[in-house]
Amino acid sequence: MRKWIKQKQGTKNCGAIAIAVIAKVSLKKAIEACGTEGPMNTKDLVRGIRKLGYTCPDHCKRKRPELGIGHLTYTANKKNRRHWVAIDGNKTYDGFHGKPDGTVDWNKEWKLTSYLPVKKI
């Protein structure tokens with residue numbers, strides 16, 4: 001079972017949280033592996049997850065994987081806000097909108113749009 005990590009209000013470290021949940025490491029270790037703190041793009045996530053002993057493609061895919069990082073997009077405005085979450089089977093670990101049991105409570109404007117599938121080496 002994965003451990004949910006709560007995202008503190010006002011922080012933008014959802015990508016590092018998703019990596020920490022998947023790799024079962026501390027948030028600090030996930031940030032170090034990514035080489036950046038704060039908002040992350042796919043390239044940052046790929047670098048971090050690979051340094052922690054996982055394989056993944058260079059780009060997100062459309063099909064939901066058994067294990068991976070999900071990319072959410074906020075569709076209500078043109079700012080195109082995005083958010084990263086950890087996916088493990090039927091559980092979705094979201095440090096901001098989720099609960100420790102792997103369930104989420106997203107409003108209708110948030111949509112899972114793509115995924116970065118990962119596998120342990």
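**Pocket lining.** I began with the lining of the largest pocket and sorted its residues by type: 6 are nonpolar, 7 polar and 3 charged. The model is a predicted one. I then looked up which of the 16 lining residues lie nearest the pocket centre, and found Gln-7, Thr-11, Lys-12, Arg-82 and His-83. Strand 3 gives the most to this lining, with 3 residues. For the volume of the largest pocket I noted about 460 Å³.

**Main core.** Next I turned to the largest nonpolar core, which has 30 residues. Those touching the most other members are Ile-19, Ile-22, Leu-45, Ile-49, Tyr-54, Ile-69 and Val-118. I listed the elements that give two or more residues to this core: helix 1 (14-23), helix 2 (27-34), helix 3 (42-51), strand 2 (67-74) and strand 3 (82-88). Helix 1 gives the most, with 9 residues.

**Second core.** I also found a separate core of 6 residues, which includes Leu-72, Tyr-74, Trp-110 and Tyr-115.

**Ile-19.** I set aside residues up to four places away in sequence and looked up what Ile-19 touches. The list is Lys-24, Ala-30, Cys-34, Leu-45, Gly-48, Ile-49, Leu-52 and Ile-69.

**Leu-45.** I placed Leu-45 in helix 3. Is Leu-45 buried or exposed? I count Leu-45 as buried because its relative accessible area is 0%, and the cut-off for buried is under 20%. Beyond its neighbours within four places in sequence, Leu-45 is in contact with Gly-15, Ile-19, Met-40, Ile-69, Trp-84 and Leu-116. I also checked Leu-45 against Ala-33: they are 12 residues apart in sequence, and their C-alpha atoms are 9.0 Å apart in space.

Conventions. Residues numbered from 1 in each chain as written. Predicted model: local features only at pLDDT ≥ 70, side-chain atom pairs only at ≥ 80, totals over all residues. Heavy atoms only, no water. Core = buried A, V, L, I, M, F, W, Y, C linked by side-chain atoms within 4.5 Å. Buried < 20%, exposed > 50% of the residue type's maximum accessible area, 1.4 Å probe, protein only. Helix = DSSP H or I, 4+ residues; strand = E, 2+ residues; numbered from the N terminus. Contact = heavy atoms within 4.5 Å. 1 Å grid on protein atoms, 1.4 Å probe; cavity = no way out; pocket = protein on both sides within 12 Å on 5 of 7 lines; lining within 4 Å. Points joined across faces, edges and corners; volume = space filled by probe spheres on them. Nonpolar A, V, L, I, M, F, W, Y, C, P; charged D, E, K, R; others polar.
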